[in-house]
Amino acid sequence: MAKVGVFGAGWVGLVTGACLAELGHDVVVRDVVPAKIDALNRGEQPFHEDGIPDLLARNRERLRFTLEASELADREFLFVCVDTPPTPSGDADLSRVWRVIDELPALAGHATLVMKSTVPVGTGEKVRNGLDERGLQALGYVSNPEFLAEGTAVRDFMHPDRVVIGASEAADGDGVAALYAPLEAVILRCDVKSAEMVKLAANAALMTRISFINEIANVCEATGADVVKVAEGVGLDRRLGPHFLRAGIGYGGSCFPKDSLALKQLASNSGYHFQLLAAVIEVNELQKRRVIGKLKAHLGSLQGKRIALLGLAFKPGTDDMREAPSLVLAARLHAEGAEVRGWDPVADGSGLAGVTLVETVAEAVAGADAAVIVTEWPELAGLASPEVHAAMANPVIIDGRNLLDPAATRAAGFVYEGIGRPAPARVAGTD
Ligand code: UDX
């Protein structure tokens, strides 16, 4: 079993460190934020992610947390798991990656730096040059991107569709592949640049599917087709498959919005206008705003109307608010003069403009003129209840995730509208 060091105790670093410890490796995770390390040393989990508390508890002897980079001096593998947020230009900000390199301790033996952070194509080459300039020619370099989705990250790590390993020296790639051997996963070996591009291209393909089905949904709305059935019919084609064809109010999260901008910017920095990706991003922005039009079609002016936003995290199973569609919706509703109440089972709603956060769905819908399902939490599956109907001032449900059954919801007395599903005649201007 190997000695592994992980730079960054954020979401990727913690999942990577905990899962590598679960595979039997000895792991030291280093972060620069004292409060985070203190919390982890007390056994507390800094964010909501299924499976992590169990892994932390089970692997206590194989998993340590530290503020000191020097404690990673004896490591054979040094995983870089730091944030690469967008700069104002849309490029990825690599300052944290460079900080890790500047803080590398004097290493005891041969080691390999393993890049898990999502970085632009060409970063590996720059890091290699940077390492050489610092006299670290002996330190190996491997690109090993992560494909973890929030809420299922532990499962994604332990049962990956593939592990991508990009290396210029085969021996370095062999070492990293051996770390994953217990998983018996499909391993794709390639050069560093191709590995970097796999990550960006895979995310772009997933986002393209989402924007594609959202546009199909919008055409379904105009023509009376039902996008849920359409997606099912499309997904049954083996060449296409069923995944990432759920129409809704757009993607959010810590990866897609940031990585799409980074890829678009990478292309334009290289002299290429990535037209399709630009459209994918624009479709997603417009999709978040379509809910406002649906609300207006049912309620007329939104001035003074009480709207319940149900589900605030960017998707169920996480407390992550980064780039959540709820942020755009809340800001638009605020600008329209609506009175907004927000509910989420775990997210704290940080960053929401002008929203009163409430503890229960019942509080959110009390006296509401409309309820919007923003995130498809399972708790909302029973929303079309007699209690909710009685509590609302106006029983309108806009289902931004097609969570509810339209016929059953209408039969329960609600005015129901999903995304890309046949809608009954709207009554504009009802007050
Ligand atoms: C994603 C990728 O799945 C992962 O491989 C990558 O490493 C990071 O980005 P994540 O952001 O955690 O992971 O969430 P994911 O489950 O992929 O969903 C992203 C967004 O797309 C969510 O807002 C979700 O609601 C939306 N989505 C997803 C749809 O609108 N329709 C779909 O069919 C699927």
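I looked up Phe 244 and found it in the loop between α9 (227-235) and α10 (256-269), where helices (H or I, at least four residues) and strands (E, at least two) are DSSP runs numbered from the N terminus. The model is a predicted one, in which local features need pLDDT of at least 70 and side-chain atom pairs count only at pLDDT 80 or more, while totals for chains, interfaces and linings use all residues. Residues are numbered from 1 along each chain as its sequence is written, and side-chain values use heavy atoms, with hydrogens and water left out.

The phi of Phe 244 is near 55°, a positive value in a residue other than glycine. I noted Phe 244 as partly exposed because its relative accessibility is 36%; buried means under 20% relative accessible area, exposed over 50%, and partly exposed in between, with a 1.4 Å probe and protein chains only.

Next I checked Glu 323, which lies in the loop between β9 (306-310) and α12 (325-335). Glu 323 has a positive phi of about 55° although it is not a glycine, and at 43% relative accessibility Glu 323 counts as partly exposed.

**Ligand site**

I then turned to the ligand, and found that Glu 150, Lys 199, Arg 246, Cys 255 and Lys 315 come nearest among the 18 residues around it, a residue being near if one of its heavy atoms lies within 4 Å. Helix α8 (residues 192-223) gives the most to the shell around the ligand, with three residues.

For polar contacts I used pairs of N or O atoms within 3.5 Å; within protein, one atom must be able to donate a hydrogen and the other to accept it, and residues adjacent in sequence count only if both atoms are side-chain atoms. An N or O atom in the side chain of Glu 146 is 3.4 Å from an oxygen atom of the ligand. From the backbone, an N or O atom of Leu 148 lies 3.1 Å from a ligand oxygen, and a polar backbone atom of Phe 314 is 3.2 Å from an oxygen atom of the ligand. On its own the ligand has 660 Å² of accessible area, and the protein covers 94% of that.

**Buried helix residues**

Which side chain makes a polar contact with that of Lys 288? I found that of Glu 285, at 3.0 Å.

Ala 177 is in helix α7 (residues 170-179) and counts as buried at 14% relative accessibility. I read 8.3 Å between the C-alpha atoms of Ala 177 and Val 163, which are 14 residues apart along the chain.

Ser 260 is found in helix α10 and, at 2% relative accessibility, counts as buried. The C-alpha atoms of Ser 260 and Asn 203 are separated by 7.6 Å, although these residues are 57 apart along the chain.

**Cysteines**

How many disulfides does the structure hold? I found zero, taking a disulfide as a pair of cysteine sulfur atoms within 2.5 Å. Cys 19 is in no disulfide, and the nearest cysteine sulfur, that of Cys 81, is 11 Å away; Cys 19 is also buried, with a relative accessible area of 0%. The sulfur of Cys 190 is too far for a bond, because the closest cysteine sulfur, in Cys 81, is 18 Å from it.

How values were computed:
Areas by Shrake-Rupley, 256 points an atom, 1.4 Å probe, with all protein chains shown as cover.
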